[in-house]
Amino acid sequence: MSDPRIIDIKLDEATIVWRNPDIEQERRVAIFDLIEENTFKPMRSWEAGHTGPYKLELSVIDGRLSISIADEADKPLETLILGLARFRRPIREYFAICDSYYQAIRKATAAEIETIDMARRGIHNRATELLMERLEGKVETDFTTARRLFTLICVLHIRG
């Protein structure tokens, strides 16, 4: 029976050099939500008869995103490598708006927070669409799963 979903996801801890409590919370929530509900069907593995579920490890190697995919028993299936050049600007914009959002929730009015949050969601959604384009032909996924994956890609880019 096929089960095209992620059951476990890890981030390469060596890649993450610094995180603050807000980002750490966002990471925990993204991973929890991703595991609870997702659609993830790596095409090469699927065509080779591996129909899920999957375990992932995300890392950045030489400026590229590495998505290592394993089966339920931790047997490596494939590794996807995505260039990150097209993500640099969306990641930078996302960090900037998140910083504004975290500052706003501590001292701004509800209307100001809502405005910043709408902008944050807009940037996040555009970056998610870009990620879905980059995964096209490699992985079938839904918008919500790709959105949470983008959050985790951002965590891998935090620099102190």
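What follows is a set of questions and answers on cysteines and salt bridges.

Modeller: This is a predicted model, in which local features need pLDDT of at least 70 and side-chain atom pairs count only at pLDDT 80 or more, while totals for chains, interfaces and linings use all residues. Residues are numbered from 1 along each chain as its sequence is written, and side-chain values use heavy atoms, with hydrogens and water left out.

Biologist: How many disulfides does the structure hold?

Modeller: A disulfide is counted here when a pair of cysteine sulfur atoms lies within 2.5 Å. For Cys98 the closest cysteine sulfur is that of Cys154, and because the two are 7.3 Å apart, they are too far for a bond. The number of disulfides is therefore 0.

Biologist: Is Cys154 buried or exposed?

Modeller: The classes rest on relative accessible area, with buried meaning under 20%, exposed over 50% and partly exposed in between (1.4 Å probe, protein chains only). Cys98 has a relative accessibility of 2% and counts as buried. Cys154 has a relative accessibility of 2%, so Cys154 counts as buried.

Biologist: How many salt bridges does a search of the whole structure find?

Modeller: Side chains of opposite charge can pair when their charged atoms come close. The criterion for a salt bridge is a side-chain nitrogen of Lys or Arg within 4 Å of a carboxyl oxygen of Asp or Glu. Among those found is the pair of Asp8 and Lys10, at 2.6 Å from N to O. Searched over the whole structure, the count is 9.

Biologist: Which residue meets Glu78 in a salt bridge?

Modeller: The pair links distant parts of the chain, with Glu78 in strand β5 (residues 76-83) and its partner 34 residues apart in helix α2 (residues 43-47); helices (H or I, at least four residues) and strands (E, at least two) are DSSP runs, numbered from the N terminus. With an N to O distance of 3.0 Å, the residue is Arg44.

Biologist: How many residues apart in sequence are the parts that Glu133 and Arg86 tie together?

Modeller: The closest N and O atoms of the salt bridge between Glu133 and Arg86 are 3.5 Å apart. Glu133 is partly exposed at 47% relative accessibility, and Arg86 is partly exposed at 49%. Because Glu133 lies in helix α4 (residues 110-135) and Arg86 in the loop between β5 and α3 (88-107), the separation of the parts they tie together is 47 residues.
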